[in-house]
Amino acid sequence: MYMIESKGGAISCMLLALLFLGTWPAIMTLTERRGRLPQHTYLDYTITNLLAAVIIAFTLGQIGPSRPNFITQLSQDNWQSVMFAMAGGIVLSLGNLATQYAWAFVGLSVTEVITASITVVIGTTLNYFLDDRINRAEVLFPGVACFLIAVCFGSAVHKSNAADNKSKLQGFKSLETTSSFQIETGPADSGLAKGKAKEGTAAYLIELEKQRAIKVFEKSTIIGLAITFFAGICFSLFSPAFNLATNDQWHTLKHGVPKLNVYTAFFYFSISAFVLALILNIRFLYWPILGLPKSSFRAYLNDWNGRGWSFLAGFLCGFGNGLQFMGGQAAGYAAADAVQALPLVSTFWGILLFGEYRRSSRRTYVLLISMLFMFIVAVAVLMASSGHRK
């Protein structure tokens with residue numbers, strides 16, 4: 001199997017993982033805003049997410065002189081470590097599923113900020129002690145503090161932007177009472193004049209609500225924030241569970257049984273994530289949540305609108321997670337949590353693709369810039385804390 005041995009190689013893996021893990025949520029959000037049911041999108045996503053782990057296992061897990069390789073470990077008596085890997089996959093799957101609904105309620109940027117910050121504060125601390133302090137605490141924990149500051153800015157950005165949107169929508173009390181005539185004849189400064197609605201205007205927000213799969217007008221954002229915090233707790237546990245699977249810090253394996261390599265652990269991790277996602281999303285087809293329309297497995301199979309994007313999202317997330325674990329095994333999983341600065345990437349896509357924060361107030365822009373700055377500092381500091389696993 002192929003092993004990352006240098007700090008430079010580990011940091012390269014983390015940076016690439018950061019790009020992938022910050023991009024796939026934007027793609028999932030894009031399909032929802034175009035009206036595709038999240039159950040359909042997630043079923044597609046989970047197929048290629050598992051496929052990415054299989055590809056990694058049968059390539060990087062098999063090449064190179066290091067032993068034991070992936071196939072050899074499948075027949076070893078290592079079920080204790082396998083259970084830790086599968087537990088990590090379960091909580092990650094729950095977190096990913098929850099964020100898919102949270103994006104609609106509180107926006108892509110804020111959801112990623114809050115979940116990433118919770119993940120770093122809890123997960124990084126656990127990984128630091130599990131890895132026997134191979135990361136430099138005097139560098140690592142100031143980085144964690146930067147994430148705490150970022151989550152405060154993220155919450156303030158959401159509150160300020162929600163107030164901006166509420167101000168834009170004054171005079172349009174509900175989506176149902178907003179007629180096409182109002183949209184076409186509204187004042188020019190509200191973006192309601194004839195023609196394509198400008199991003200960030202009331203017309204744009206109204207048309208987006210009509211098109212998207214998850215309707216959020218007149219629903220409490222507390223629901224979205226509750227889902228977001230639940231997802232953050234789930235995300236904070238998957239990396240420590242994977243750490244236990246690959247390094248056996250609790251000495252659960254029998255004497256002489258090799259520890260799981262990162263590729264074997266990732267394979268089992270992805271299997272459990274796939275099974276749980278399959279069960280839950282098939283259930284949500286027939287018994288949907290949050291007011292979504294019912295669907296069926298037949299309807300899912302026939303829904304090709306946005307399927308290619310959904311497949312791409314699964315691949316990006318799968319390879320992103322694999323790269324994060326490869327970097328973490330080499331430089332410490334606490335340092336690898338630097339990839340949780342993915343809101344840097346997600347916010348870029350949110351602004352570029354979805355017009356988030358367009359025509360917002362100066363206060364919102366100041367808070368947004370402050371939030372992004374803290375993430376840049378945090379990712380630099382966490383990567384600087386990288387150690388070397390002996």
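Guide: Helices (H or I, at least four residues) and strands (E, at least two) are DSSP runs, numbered from the N terminus. This is a predicted model, in which local features need pLDDT of at least 70 and side-chain atom pairs count only at pLDDT 80 or more, while totals for chains, interfaces and linings use all residues. Residues are numbered from 1 along each chain as its sequence is written, and side-chain values use heavy atoms, with hydrogens and water left out.

Visitor: How many helices and strands are in the chain?

Guide: The chain contains 15 helices and zero strands.

Visitor: Which residues does the annotation "transmembrane region" cover?

Guide: UniProt positions are given in the numbering used here, feature names are shortened, and annotations may be inferred rather than shown by experiment. The unreviewed UniProt entry places "transmembrane region" at residues 41–61, 82–103, 139–158, 222–245, 265–287, 308–327, 333–353 and 365–384. In the model, residues 41–61 are 90% helix and 0% strand, with end C-alpha atoms 29 Å apart. For residues 265–287, the span is 96% helix and 0% strand, and the end C-alpha atoms lie 33 Å apart.

Visitor: What share of the residues count as buried?

Guide: Buried means under 20% relative accessible area, exposed over 50%, and partly exposed in between (1.4 Å probe, protein chains only). Of the 390 residues of the chain, 58% are buried.

Visitor: Which residues touch the most other members of the largest nonpolar core?

Guide: A nonpolar core is a set of buried Ala, Val, Leu, Ile, Met, Phe, Trp, Tyr and Cys residues joined through side-chain atoms within 4.5 Å. The largest core has 90 residues, and Met14, Trp24, Phe242 and Phe325 touch the most other members. Helix 4 (residues 79–106) gives the most to this core, with twelve residues. Phe242 is in contact (heavy atoms within 4.5 Å) with Val262, Ala265, Phe266, Phe269, Phe325 and Tyr333, leaving aside its neighbours within four places in sequence.

Visitor: How is the crossing of two helices to be read?

Guide: Two packed helices are described by the angle between their axes and the distance between the axes. Axes are lines fitted to C-alpha atoms, for helices over the stretch in contact, and angles run from 0 to 180 degrees between N-to-C directions. Here the axes of helix 10 (residues 262–286) and helix 12 (residues 307–331) come within 10 Å and cross at roughly 140°. Val262, Tyr263, Phe266 and Phe269 of helix 10 meet Gly318, Asn321, Gly322, Phe325 and Met326 of helix 12.

Visitor: At what angle do helix 1 and helix 2 cross?

Guide: The axes of helix 1 (residues 7–33) and helix 2 (residues 38–59) cross at roughly 145° and come within 10 Å. The contact is made by Trp24, Met28 and Thr31 of helix 1 with Thr41, Tyr42 and Tyr45 of helix 2.

Visitor: Which residues does Glu199 touch?

Guide: Not counting residues up to four places away in sequence, Glu199 touches Tyr204, Leu353, Gly355, Arg358 and Arg359. Glu199 belongs to the loop between helix 7 (180–185) and helix 8 (202–211). Although Glu199 and Gly355 are 156 residues apart in sequence, their C-alpha atoms are 5.4 Å apart in space.
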